[in-house]
Amino acid sequence: MAASEPNASTRRVRVVHRVAANVPERLTGDETRFTQCVQLLLQNAVLNSPPGRTVLARLWALAPADVPHVLEATETSLCFAVSDLVRG
């Protein structure tokens, strides 16, 4: 997530990261694609936030039973959200 930091600094936007305790230490998947998606979301949030704002990036996990729209989920799902907070 550090790739967006220089841009955030230049734009005077603070980026705060929160990783929930339920996120597994090891993940299986396409690391490059995941990184690209996270970086794009952060870069867009920074670019679209006015100077002096704080962007909150959150990552959490959902157990298969907590994903109702997937009928036969057998793996943990990762959720990532970026939001613009009030000045801070």
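The following questions and answers concern a predicted model.

Reader: In what order do the strands of the open sheet stand, and which of them are at the edges?

Author: The open sheet has three strands with mixed pairing, and their order is β1-β2-β3. β1 (14–19) and β3 each have a single partner strand, so one side of each is left without a neighbour in the sheet. From one strand to the next the twist averages 15°. The strands at the edges are therefore β1 and β3.

Reader: In what sense do β2 and β3 pair, and over how many bridges?

Author: Strands of a sheet pair through backbone hydrogen bonds, and they can do so in a parallel or an antiparallel way. Here strand β2, residues 54–62, and strand β3, residues 77–85, are the two partners. Leu59 has Phe80 in β3 as its bridge partner. The sense of the pairing between β2 and β3 is antiparallel, and the number of bridges is nine.

Reader: Which helix packs on the sheet, and what angle does its direction make with that of β3?

Author: The helix that packs on the sheet is α2, which covers residues 31–47. Helix α2 touches β1, β2 and β3. The direction of α2 makes an angle with that of β3 of about 15°.

Reader: Which side chain meets that of Asp84 in a salt bridge, and how many residues apart in sequence are the parts that the pair ties together?

Author: Side chains of opposite charge can pair when their charged atoms come close. The side chain of Asp84 meets that of Arg53 at 3.4 Å, N to O, and the count of salt bridges comes to one. Asp84 counts as partly exposed because its relative accessibility is 36%, and Arg53 counts as partly exposed at 24%. Since Asp84 lies in strand β3 and Arg53 in the loop between α2 and β2, the partner is Arg53 and the parts tied together are 31 residues apart in sequence.

Reader: Which residues form a nonpolar patch on the surface together with Leu78?

Author: Leu78 has its place in strand β3, and at 32% relative accessibility this leucine counts as partly exposed. The patch to which Leu78 belongs has about 250 Å² of accessible area in total. The residues that form the patch with Leu78 are Leu27 and Phe34.

Reader: How far apart in space are Pro24 and Thr76, C-alpha to C-alpha?

Author: Pro24 is found in the loop between β1 and α2, and it counts as partly exposed because its relative accessibility is 31%. In sequence, Pro24 and Thr76 are 52 residues apart. In space, from C-alpha to C-alpha, the distance between Pro24 and Thr76 is 8.8 Å.

Terms used: Residues numbered from 1 in each chain as written. Predicted model: local features only at pLDDT ≥ 70, side-chain atom pairs only at ≥ 80, totals over all residues. Heavy atoms only, no water. Patch = residues over 30% accessible without salt bridge, like charges linked within 9 Å, V, L, I, M, F, W, Y side chains within 5 Å. Areas by Shrake-Rupley, 256 points an atom, 1.4 Å probe, with all protein chains shown as cover. Salt bridge = Lys/Arg side-chain N within 4 Å of Asp/Glu carboxyl O. Helix = DSSP H or I, 4+ residues; strand = E, 2+ residues; numbered from the N terminus. Buried < 20%, exposed > 50% of the residue type's maximum accessible area, 1.4 Å probe, protein only. Pairing = 2+ DSSP bridges. Axes fitted to C-alpha atoms, helices over the stretch in contact; angles between N-to-C directions. Contact = heavy atoms within 4.5 Å.
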